[in-house]
Amino acid sequence: MSQFSEGPIALLEVSDVTGQRAVDIEEVDGDATVGELVDRLLADLELTRDDADGRPITYRARLEREGRHLHAAERVADALRTGDRLVLQPNIDAGGPADRR
Amino acid sequence: MADGSTYAFGVAFERLDGSPIERVDLTPDWEPARERFRLLVAERGVDPSVAFALEPLVEPRWSGLRGAPFVSACRLRAGDRSEPALDLGIGYFAGSVQRLSSELVTRGLLGEGERYCATLIARPRAEGERPRRGALRRRARVPIRPASLAALERCAVAHEDRGDNDPLWFVPGELLEQARARVASERERETGGVLVGHLCRDPARGRLFVLATGQIPALAAVGDATSLSFTAETWTETRAELDRRARGEIMVGWWHSHPVHLWCRDCTIECRRLCALDRGMFSESDRRLHRTVFPRAFAVGLVLSDTGNGPPGVAAFGWRDGLIARRGYHTLPEGAIDVS
(Lines give C-alpha, C1' and ligand atoms only; values in the text may rest on other atoms or scores of the structure.)
Protein backbone atom coordinates (compact mmCIF):
# COMPACT_ATOMS: atom_id res chain seq x y z
CA MET A 1 0.00 0.00 0.00
CA SER A 2 1.32 3.41 -0.91
CA GLN A 3 2.30 5.64 1.99
CA PHE A 4 1.68 8.70 -0.16
CA SER A 5 -1.10 8.37 -2.65
CA GLU A 6 -3.13 6.03 -4.76
CA GLY A 7 -3.91 6.46 -8.42
CA PRO A 8 -2.08 8.82 -10.74
CA ILE A 9 0.78 11.05 -9.59
CA ALA A 10 0.41 14.60 -10.88
CA LEU A 11 3.18 16.87 -12.07
CA LEU A 12 6.68 15.48 -11.97
CA GLU A 13 9.69 17.36 -13.26
CA VAL A 14 12.15 15.13 -15.05
CA SER A 15 15.52 16.32 -16.33
CA ASP A 16 18.63 14.98 -18.00
CA VAL A 17 22.00 14.91 -16.23
CA THR A 18 23.00 18.34 -17.46
CA GLY A 19 19.83 19.86 -16.05
CA GLN A 20 19.52 21.83 -19.28
CA ARG A 21 16.50 19.95 -20.57
CA ALA A 22 13.51 19.03 -18.49
CA VAL A 23 9.90 18.11 -18.99
CA ASP A 24 6.89 18.45 -16.74
CA ILE A 25 4.87 15.27 -16.68
CA GLU A 26 1.29 16.04 -15.82
CA GLU A 27 0.12 12.59 -14.90
CA VAL A 28 1.78 9.26 -14.24
CA ASP A 29 0.08 5.94 -13.64
CA GLY A 30 0.70 5.13 -9.99
CA ASP A 31 0.57 1.41 -10.71
CA ALA A 32 3.40 1.58 -13.23
CA THR A 33 6.87 0.56 -12.18
CA VAL A 34 9.74 3.02 -12.13
CA GLY A 35 11.30 1.02 -14.98
CA GLU A 36 8.19 1.53 -17.10
CA LEU A 37 8.14 5.23 -16.25
CA VAL A 38 11.81 5.64 -17.19
CA ASP A 39 11.16 3.88 -20.49
CA ARG A 40 8.45 6.41 -21.32
CA LEU A 41 10.58 9.36 -20.21
CA LEU A 42 13.48 8.48 -22.53
CA ALA A 43 11.35 9.42 -25.52
CA ASP A 44 10.03 12.54 -23.81
CA LEU A 45 13.57 13.78 -23.16
CA GLU A 46 14.91 12.64 -26.55
CA LEU A 47 17.47 10.40 -24.87
CA THR A 48 19.13 7.60 -26.80
CA ARG A 49 18.20 4.03 -25.91
CA ASP A 50 21.13 2.09 -27.34
CA ASP A 51 24.89 2.33 -27.08
CA ALA A 52 27.33 2.27 -29.99
CA ASP A 53 27.13 -1.53 -30.14
CA GLY A 54 23.33 -1.55 -30.20
CA ARG A 55 23.02 -2.64 -26.57
CA PRO A 56 20.41 -0.90 -24.43
CA ILE A 57 21.77 1.93 -22.29
CA THR A 58 20.86 1.58 -18.63
CA TYR A 59 19.30 4.69 -17.12
CA ARG A 60 18.78 5.20 -13.43
CA ALA A 61 16.23 7.60 -12.01
CA ARG A 62 17.50 9.73 -9.14
CA LEU A 63 14.86 11.09 -6.82
CA GLU A 64 16.10 14.51 -5.70
CA ARG A 65 13.86 14.66 -2.63
CA GLU A 66 15.45 11.57 -1.11
CA GLY A 67 18.85 11.77 -2.81
CA ARG A 68 18.69 8.17 -3.96
CA HIS A 69 18.36 6.12 -7.10
CA LEU A 70 15.01 4.42 -7.50
CA HIS A 71 14.83 0.71 -8.23
CA ALA A 72 13.27 -0.21 -11.56
CA ALA A 73 10.83 -2.54 -9.83
CA GLU A 74 9.50 0.07 -7.39
CA ARG A 75 5.90 1.09 -7.88
CA VAL A 76 5.50 4.72 -8.87
CA ALA A 77 2.77 5.38 -6.29
CA ASP A 78 5.05 4.04 -3.55
CA ALA A 79 8.12 6.01 -4.55
CA LEU A 80 6.93 9.35 -5.88
CA ARG A 81 4.94 12.32 -4.68
CA THR A 82 3.35 15.06 -6.68
CA GLY A 83 5.95 17.74 -7.35
CA ASP A 84 8.92 15.40 -7.20
CA ARG A 85 11.96 15.93 -9.38
CA LEU A 86 13.71 13.07 -11.12
CA VAL A 87 17.04 13.06 -12.95
CA LEU A 88 17.64 10.37 -15.57
CA GLN A 89 21.26 9.25 -15.43
CA PRO A 90 22.77 6.91 -18.02
CA ASN A 91 25.49 4.37 -17.39
CA ILE A 92 27.39 4.92 -20.59
CA ASP A 93 30.85 4.13 -21.93
CA ALA A 94 33.34 6.26 -23.78
CA GLY A 95 36.38 4.60 -25.14
CA GLY A 96 38.79 3.52 -27.77
CA PRO A 97 38.11 2.10 -31.20
CA ALA A 98 35.85 -0.97 -31.16
CA ASP A 99 38.34 -3.14 -32.99
CA ARG A 100 40.77 -2.74 -30.12
CA ARG A 101 38.40 -4.24 -27.55
CA MET B 1 13.63 7.98 -30.76
CA ALA B 2 10.55 10.14 -31.02
CA ASP B 3 9.99 11.67 -34.42
CA GLY B 4 7.63 14.61 -34.42
CA SER B 5 7.73 15.20 -38.17
CA THR B 6 4.43 15.36 -39.96
CA TYR B 7 6.19 13.39 -42.70
CA ALA B 8 7.32 9.80 -42.72
CA PHE B 9 10.75 9.35 -44.28
CA GLY B 10 12.40 6.49 -46.07
CA VAL B 11 15.22 5.64 -48.43
CA ALA B 12 14.74 4.44 -52.00
CA PHE B 13 17.62 2.12 -52.90
CA GLU B 14 18.16 1.76 -56.64
CA ARG B 15 20.76 0.13 -58.83
CA LEU B 16 22.94 2.39 -60.93
CA ASP B 17 20.76 1.61 -63.97
CA GLY B 18 17.78 3.06 -62.06
CA SER B 19 16.05 -0.24 -61.36
CA PRO B 20 14.54 -0.35 -57.85
CA ILE B 21 16.04 -2.49 -55.09
CA GLU B 22 13.82 -1.62 -52.15
CA ARG B 23 12.25 1.28 -50.27
CA VAL B 24 13.08 1.18 -46.58
CA ASP B 25 11.54 3.16 -43.72
CA LEU B 26 13.92 5.61 -42.03
CA THR B 27 13.50 7.03 -38.55
CA PRO B 28 16.06 9.83 -38.46
CA ASP B 29 17.42 11.09 -35.17
CA TRP B 30 16.23 14.68 -35.62
CA GLU B 31 17.35 15.87 -32.22
CA PRO B 32 20.88 17.04 -33.17
CA ALA B 33 19.38 18.98 -36.07
CA ARG B 34 16.76 20.46 -33.77
CA GLU B 35 19.56 21.53 -31.43
CA ARG B 36 21.35 23.27 -34.29
CA PHE B 37 18.12 25.04 -35.11
CA ARG B 38 17.64 26.09 -31.48
CA LEU B 39 21.15 27.53 -31.37
CA LEU B 40 20.43 29.50 -34.56
CA VAL B 41 17.35 30.96 -32.91
CA ALA B 42 19.25 31.75 -29.70
CA GLU B 43 21.93 33.49 -31.77
CA ARG B 44 19.21 35.82 -33.02
CA GLY B 45 18.65 37.03 -29.48
CA VAL B 46 15.54 35.02 -28.60
CA ASP B 47 15.28 34.28 -24.87
CA PRO B 48 17.26 31.04 -24.39
CA SER B 49 14.51 29.48 -22.25
CA VAL B 50 12.32 29.81 -25.35
CA ALA B 51 14.90 29.15 -28.05
CA PHE B 52 16.28 25.96 -26.51
CA ALA B 53 12.82 24.51 -25.92
CA LEU B 54 11.58 25.02 -29.49
CA GLU B 55 10.15 22.08 -31.37
CA PRO B 56 10.77 22.92 -35.02
CA LEU B 57 8.84 21.32 -37.84
CA VAL B 58 10.68 19.14 -40.33
CA GLU B 59 9.58 19.46 -43.93
CA PRO B 60 10.98 17.82 -47.06
CA ARG B 61 12.23 19.87 -49.97
CA TRP B 62 11.17 17.90 -53.00
CA SER B 63 13.73 17.00 -55.63
CA GLY B 64 13.68 19.43 -58.53
CA LEU B 65 14.51 16.61 -60.93
CA ARG B 66 12.21 13.83 -59.78
CA GLY B 67 9.59 15.61 -57.65
CA ALA B 68 7.78 14.02 -54.70
CA PRO B 69 8.32 11.63 -53.01
CA PHE B 70 12.02 12.17 -53.73
CA VAL B 71 13.69 14.62 -51.34
CA SER B 72 16.71 16.82 -52.00
CA ALA B 73 16.95 18.34 -48.50
CA CYS B 74 14.98 18.78 -45.28
CA ARG B 75 14.08 22.11 -43.79
CA LEU B 76 13.60 22.80 -40.08
CA ARG B 77 11.67 25.85 -39.03
CA ALA B 78 9.42 27.10 -36.27
CA GLY B 79 5.75 26.18 -36.26
CA ASP B 80 4.77 29.74 -37.22
CA ARG B 81 7.11 29.45 -40.23
CA SER B 82 9.11 32.45 -39.07
CA GLU B 83 12.82 32.78 -39.77
CA PRO B 84 15.36 31.28 -39.36
CA ALA B 85 15.20 28.02 -41.28
CA LEU B 86 17.81 25.27 -41.23
CA ASP B 87 18.34 23.16 -44.35
CA LEU B 88 19.79 19.70 -43.90
CA GLY B 89 21.57 18.10 -46.82
CA ILE B 90 21.43 14.42 -47.54
CA GLY B 91 24.74 14.02 -45.71
CA TYR B 92 22.78 14.26 -42.44
CA PHE B 93 21.34 10.81 -43.19
CA ALA B 94 24.54 9.17 -44.46
CA GLY B 95 25.10 7.05 -41.35
CA SER B 96 21.52 5.74 -41.41
CA VAL B 97 21.73 4.98 -45.13
CA GLN B 98 24.93 3.03 -44.58
CA ARG B 99 23.32 0.94 -41.84
CA LEU B 100 20.27 0.25 -43.99
CA SER B 101 22.43 -0.75 -46.95
CA SER B 102 24.29 -3.23 -44.73
CA GLU B 103 20.94 -4.80 -43.89
CA LEU B 104 20.17 -5.11 -47.60
CA VAL B 105 23.48 -6.91 -48.08
CA THR B 106 22.62 -9.25 -45.20
CA ARG B 107 19.26 -9.98 -46.80
CA GLY B 108 20.88 -10.68 -50.15
CA LEU B 109 19.18 -7.78 -51.93
CA LEU B 110 22.47 -6.00 -52.48
CA GLY B 111 25.79 -7.60 -53.31
CA GLU B 112 28.82 -7.10 -51.09
CA GLY B 113 30.60 -4.03 -52.47
CA GLU B 114 27.87 -3.41 -55.05
CA ARG B 115 27.35 0.26 -55.85
CA TYR B 116 23.89 1.67 -55.48
CA CYS B 117 21.95 4.92 -55.47
CA ALA B 118 20.12 5.92 -52.27
CA THR B 119 17.58 8.75 -52.36
CA LEU B 120 15.65 10.14 -49.43
CA ILE B 121 11.87 9.87 -49.86
CA ALA B 122 8.99 11.23 -47.77
CA ARG B 123 5.23 11.16 -47.55
CA PRO B 124 2.79 13.05 -45.31
CA ARG B 125 1.79 11.06 -42.26
CA ALA B 126 -1.86 10.36 -41.64
CA GLU B 127 -3.24 12.11 -38.54
CA GLY B 128 -3.34 8.93 -36.44
CA GLU B 129 0.16 8.02 -37.55
CA ARG B 130 1.84 11.03 -35.96
CA PRO B 131 3.86 10.24 -32.86
CA ARG B 132 2.85 11.90 -29.62
CA ARG B 133 4.84 15.07 -29.04
CA GLY B 134 4.09 18.43 -27.59
CA ALA B 135 1.75 17.24 -24.81
CA LEU B 136 4.56 17.91 -22.37
CA ARG B 137 5.76 21.20 -21.03
CA ARG B 138 9.41 21.38 -21.98
CA ARG B 139 11.86 23.50 -20.04
CA ALA B 140 15.28 24.63 -21.20
CA ARG B 141 17.80 25.92 -18.71
CA VAL B 142 20.62 27.31 -20.79
CA PRO B 143 21.49 30.74 -19.47
CA ILE B 144 23.44 33.03 -21.79
CA ARG B 145 25.87 35.52 -20.27
CA PRO B 146 26.97 38.77 -21.86
CA ALA B 147 30.73 38.82 -22.41
CA SER B 148 33.25 40.50 -24.68
CA LEU B 149 34.58 38.30 -27.44
CA ALA B 150 37.23 40.84 -28.39
CA ALA B 151 38.83 40.68 -24.94
CA LEU B 152 39.22 36.91 -25.20
CA GLU B 153 40.35 36.94 -28.83
CA ARG B 154 43.13 39.36 -27.96
CA CYS B 155 44.84 36.85 -25.70
CA ALA B 156 43.63 33.48 -27.08
CA VAL B 157 45.59 31.06 -29.22
CA ALA B 158 43.63 29.26 -31.96
CA HIS B 159 44.07 25.52 -32.38
CA GLU B 160 42.97 23.72 -35.52
CA ASP B 161 41.17 26.82 -36.71
CA ARG B 162 39.01 25.41 -39.49
CA GLY B 163 37.34 28.64 -40.49
CA ASP B 164 33.87 27.21 -40.00
CA ASN B 165 30.79 28.65 -38.34
CA ASP B 166 31.00 26.65 -35.14
CA PRO B 167 30.46 28.73 -31.99
CA LEU B 168 33.91 29.76 -30.76
CA TRP B 169 35.12 27.67 -27.86
CA PHE B 170 37.57 29.07 -25.29
CA VAL B 171 39.34 26.89 -22.79
CA PRO B 172 41.93 28.09 -20.26
CA GLY B 173 45.37 26.52 -20.60
CA GLU B 174 45.33 25.68 -16.87
CA LEU B 175 42.22 23.59 -17.37
CA LEU B 176 43.99 21.49 -20.00
CA GLU B 177 46.98 21.18 -17.68
CA GLN B 178 44.67 19.87 -14.94
CA ALA B 179 43.36 17.27 -17.37
CA ARG B 180 46.86 16.35 -18.53
CA ALA B 181 47.93 15.90 -14.92
CA ARG B 182 45.09 13.43 -14.39
CA VAL B 183 46.04 11.58 -17.57
CA ALA B 184 49.65 11.40 -16.33
CA SER B 185 48.46 9.84 -13.07
CA GLU B 186 46.18 7.33 -14.86
CA ARG B 187 48.34 6.22 -17.77
CA GLU B 188 47.22 2.58 -17.73
CA ARG B 189 43.54 3.39 -18.07
CA GLU B 190 41.20 5.95 -19.55
CA THR B 191 40.15 8.85 -17.38
CA GLY B 192 38.00 11.91 -17.92
CA GLY B 193 35.75 14.58 -16.59
CA VAL B 194 33.02 17.09 -17.33
CA LEU B 195 33.73 20.57 -18.68
CA VAL B 196 31.78 23.38 -17.11
CA GLY B 197 31.47 27.03 -18.06
CA HIS B 198 29.15 29.50 -19.71
CA LEU B 199 27.40 30.00 -23.01
CA CYS B 200 28.09 33.66 -23.72
CA ARG B 201 26.91 36.33 -26.11
CA ASP B 202 28.97 39.25 -27.27
CA PRO B 203 26.48 42.12 -27.15
CA ALA B 204 28.43 44.13 -29.73
CA ARG B 205 28.71 41.34 -32.31
CA GLY B 206 25.64 39.30 -31.38
CA ARG B 207 27.71 36.14 -31.56
CA LEU B 208 27.43 33.18 -29.21
CA PHE B 209 30.52 31.48 -27.85
CA VAL B 210 31.49 29.11 -25.05
CA LEU B 211 33.85 29.93 -22.22
CA ALA B 212 34.93 26.85 -20.28
CA THR B 213 35.81 27.77 -16.70
CA GLY B 214 36.58 24.44 -15.10
CA GLN B 215 36.65 20.67 -15.30
CA ILE B 216 35.13 18.32 -12.80
CA PRO B 217 37.06 15.03 -12.72
CA ALA B 218 34.83 11.99 -13.17
CA LEU B 219 36.16 10.28 -10.07
CA ALA B 220 33.35 7.71 -10.00
CA ALA B 221 33.86 6.74 -13.64
CA VAL B 222 35.36 3.30 -14.14
CA GLY B 223 38.21 3.17 -16.64
CA ASP B 224 40.33 0.49 -18.23
CA ALA B 225 42.70 0.50 -21.19
CA THR B 226 39.94 0.81 -23.80
CA SER B 227 36.88 2.25 -22.12
CA LEU B 228 35.61 4.68 -19.54
CA SER B 229 32.22 4.07 -17.95
CA PHE B 230 30.37 7.18 -16.85
CA THR B 231 28.10 5.70 -14.20
CA ALA B 232 24.99 7.18 -12.62
CA GLU B 233 27.14 8.01 -9.59
CA THR B 234 29.48 9.98 -11.87
CA TRP B 235 26.64 12.28 -12.85
CA THR B 236 25.44 12.63 -9.26
CA GLU B 237 28.93 13.65 -8.11
CA THR B 238 29.36 16.04 -11.02
CA ARG B 239 26.05 17.73 -10.27
CA ALA B 240 26.96 18.02 -6.57
CA GLU B 241 30.31 19.60 -7.43
CA LEU B 242 28.68 22.01 -9.87
CA ASP B 243 26.24 23.05 -7.13
CA ARG B 244 29.08 23.37 -4.62
CA ARG B 245 30.99 25.70 -6.97
CA ALA B 246 27.86 27.91 -7.15
CA ARG B 247 29.14 30.01 -10.05
CA GLY B 248 26.17 29.68 -12.33
CA GLU B 249 28.14 27.36 -14.61
CA ILE B 250 26.53 24.78 -16.84
CA MET B 251 27.92 21.58 -18.32
CA VAL B 252 29.40 22.59 -21.68
CA GLY B 253 31.13 19.35 -22.61
CA TRP B 254 33.39 16.59 -21.43
CA TRP B 255 36.87 15.24 -21.83
CA HIS B 256 38.50 11.86 -21.66
CA SER B 257 41.83 10.24 -22.40
CA HIS B 258 42.87 7.66 -24.95
CA PRO B 259 45.94 5.72 -23.72
CA VAL B 260 47.21 5.27 -27.27
CA HIS B 261 50.59 4.14 -25.96
CA LEU B 262 48.86 0.97 -24.72
CA TRP B 263 46.81 0.39 -27.86
CA CYS B 264 49.75 0.88 -30.19
CA ARG B 265 52.66 -0.60 -28.27
CA ASP B 266 53.12 -3.34 -30.90
CA CYS B 267 52.87 -0.96 -33.86
CA THR B 268 55.86 0.22 -35.89
CA ILE B 269 56.91 3.86 -35.86
CA GLU B 270 55.87 4.15 -39.52
CA CYS B 271 52.47 2.67 -38.76
CA ARG B 272 51.95 5.08 -35.88
CA ARG B 273 53.03 8.02 -38.01
CA LEU B 274 50.10 7.31 -40.32
CA CYS B 275 47.65 6.28 -37.64
CA ALA B 276 44.65 8.45 -36.75
CA LEU B 277 44.82 7.29 -33.13
CA ASP B 278 47.94 9.37 -32.56
CA ARG B 279 46.21 12.50 -33.84
CA GLY B 280 43.10 12.09 -31.71
CA MET B 281 39.85 10.44 -32.72
CA PHE B 282 36.27 10.13 -31.49
CA SER B 283 35.24 6.47 -31.37
CA GLU B 284 31.70 5.26 -31.98
CA SER B 285 31.28 4.97 -28.20
CA ASP B 286 32.50 8.54 -27.77
CA ARG B 287 29.99 9.72 -30.37
CA ARG B 288 27.18 7.86 -28.66
CA LEU B 289 28.03 9.36 -25.28
CA HIS B 290 28.23 12.83 -26.82
CA ARG B 291 24.83 12.37 -28.46
CA THR B 292 23.27 10.95 -25.29
CA VAL B 293 24.56 13.41 -22.72
CA PHE B 294 25.74 16.45 -24.68
CA PRO B 295 23.34 16.98 -27.58
CA ARG B 296 23.39 20.78 -27.29
CA ALA B 297 24.88 22.26 -30.44
CA PHE B 298 27.52 24.18 -28.47
CA ALA B 299 28.82 21.16 -26.49
CA VAL B 300 32.34 19.89 -27.11
CA GLY B 301 34.18 16.68 -26.29
CA LEU B 302 37.94 16.88 -25.84
CA VAL B 303 40.15 13.82 -26.36
CA LEU B 304 43.59 13.75 -24.77
CA SER B 305 45.70 11.22 -26.65
CA ASP B 306 48.53 9.86 -24.56
CA THR B 307 50.91 8.51 -27.18
CA GLY B 308 53.84 8.26 -24.79
CA ASN B 309 55.65 10.80 -26.90
CA GLY B 310 55.42 14.04 -24.93
CA PRO B 311 52.37 15.59 -23.27
CA PRO B 312 48.98 14.26 -24.44
CA GLY B 313 47.69 16.01 -27.54
CA VAL B 314 44.24 17.58 -27.42
CA ALA B 315 41.62 17.17 -30.14
CA ALA B 316 38.16 18.77 -29.96
CA PHE B 317 34.96 17.33 -31.38
CA GLY B 318 31.57 18.98 -31.50
CA TRP B 319 28.36 19.42 -33.45
CA ARG B 320 28.31 20.83 -36.96
CA ASP B 321 24.88 21.02 -38.62
CA GLY B 322 23.70 18.10 -36.52
CA LEU B 323 26.70 15.85 -37.13
CA ILE B 324 29.71 15.28 -34.91
CA ALA B 325 32.91 16.65 -36.43
CA ARG B 326 36.41 17.60 -35.41
CA ARG B 327 36.51 21.30 -34.65
CA GLY B 328 38.79 24.08 -33.55
CA TYR B 329 39.17 25.64 -30.12
CA HIS B 330 41.04 28.49 -28.47
CA THR B 331 43.24 28.33 -25.39
CA LEU B 332 43.52 31.19 -22.94
CA PRO B 333 46.78 32.08 -21.17
CA GLU B 334 47.30 31.48 -17.48
CA GLY B 335 45.46 33.97 -15.33
CA ALA B 336 43.02 35.05 -18.05
CA ILE B 337 40.17 33.61 -16.00
CA ASP B 338 39.83 31.86 -12.65
CA VAL B 339 39.72 28.08 -13.09
CA SER B 340 40.20 27.05 -9.48
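A residue is called buried when its relative accessible area is under 20%, exposed when that area is over 50%, and partly exposed in between, using a 1.4 Å probe and the protein chains only. With that in mind, note that this is a predicted model, in which local features need pLDDT of at least 70 and side-chain atom pairs count only at pLDDT 80 or more, while totals for chains, interfaces and linings use all residues. Residues are numbered from 1 along each chain as its sequence is written, chains are lettered from A and ligands numbered from 1 in the order in which they are written, and side-chain values use heavy atoms, with hydrogens and water left out.

**Stop 1: chain A**

Select chain A, where buried residues make up 52% of the 101 residues. Helices (H or I, at least four residues) and strands (E, at least two residues) are DSSP runs, numbered from the N terminus. Chain A has two helices and five strands, and if you follow the chain from the N terminus, the elements come in the order β-β-α-β-β-α-β.

Next, select A:Glu26, A:Glu27, A:Asp29 and A:Glu36, which gather in a patch of negative charge on the surface. Such a patch is made of residues with over 30% relative accessible area and no salt bridge, like charges being joined within 9 Å. A:Glu36 lies in helix 1 (residues 34-44) of chain A, and this residue counts as partly exposed because its relative accessibility is 48%.

**Stop 2: strand 19 of chain B**

Now move to chain B and select residues 329-332, which form strand 19. In a regular strand the side chains alternate between the two faces of the sheet. Which residues lie on each side here, and are they buried or exposed? B:Tyr329 and B:Thr331 are on one side and B:His330 and B:Leu332 on the other, and all are buried, so that both faces of the strand are covered.

Strand 9 (residues 157-159) of chain B runs antiparallel to strand 19 and is joined to it by three bridges, with B:Ala158 standing opposite B:His330. Strand 10 (residues 168-172) of chain B is also joined to strand 19 by three bridges, but these two run parallel, and here B:Val171 stands opposite B:Thr331.

**Stop 3: helix 10 of chain B**

Select residues 284-293 of chain B, which make up helix 10; seven of its ten residues are buried, so the helix is largely enclosed by the rest of the structure. Among the buried residues are B:Leu289, B:His290 and B:Val293.

**Stop 4: salt bridges**

A salt bridge is a side-chain nitrogen of Lys or Arg within 4 Å of a carboxyl oxygen of Asp or Glu, and the structure holds 41 of them over all chains.

Select B:Asp321 and B:Arg36, whose side chains meet in a salt bridge with 3.6 Å from N to O. B:Asp321 lies in the loop between strand 17 and strand 18 of chain B and B:Arg36 in helix 1 of chain B, so the pair ties together parts that are 285 residues apart in sequence. B:Arg36 is buried, with a relative accessible area of 13%, whereas B:Asp321 is partly exposed at 41%.

Finally, select B:Arg326 and B:Glu160, which meet in a salt bridge with 2.8 Å from N to O. This pair links distant parts of the chain, since B:Arg326 is in strand 18 and B:Glu160 in the loop between strand 9 and strand 10 of chain B, 166 residues apart.

Key: Two strands pair if DSSP finds at least two bridges between them. Patches are made of residues with over 30% relative accessible area and no salt bridge: like charges are joined within 9 Å, nonpolar side chains (Val, Leu, Ile, Met, Phe, Trp, Tyr) within 5 Å. Accessible areas come from the Shrake-Rupley method with a 1.4 Å probe; for residues, only the protein chains shown count as cover. Lys and Arg count as positive and Asp and Glu as negative; His and the chain ends are not counted. The place of a charge is taken as NZ of Lys, CZ of Arg, CG of Asp or CD of Glu.
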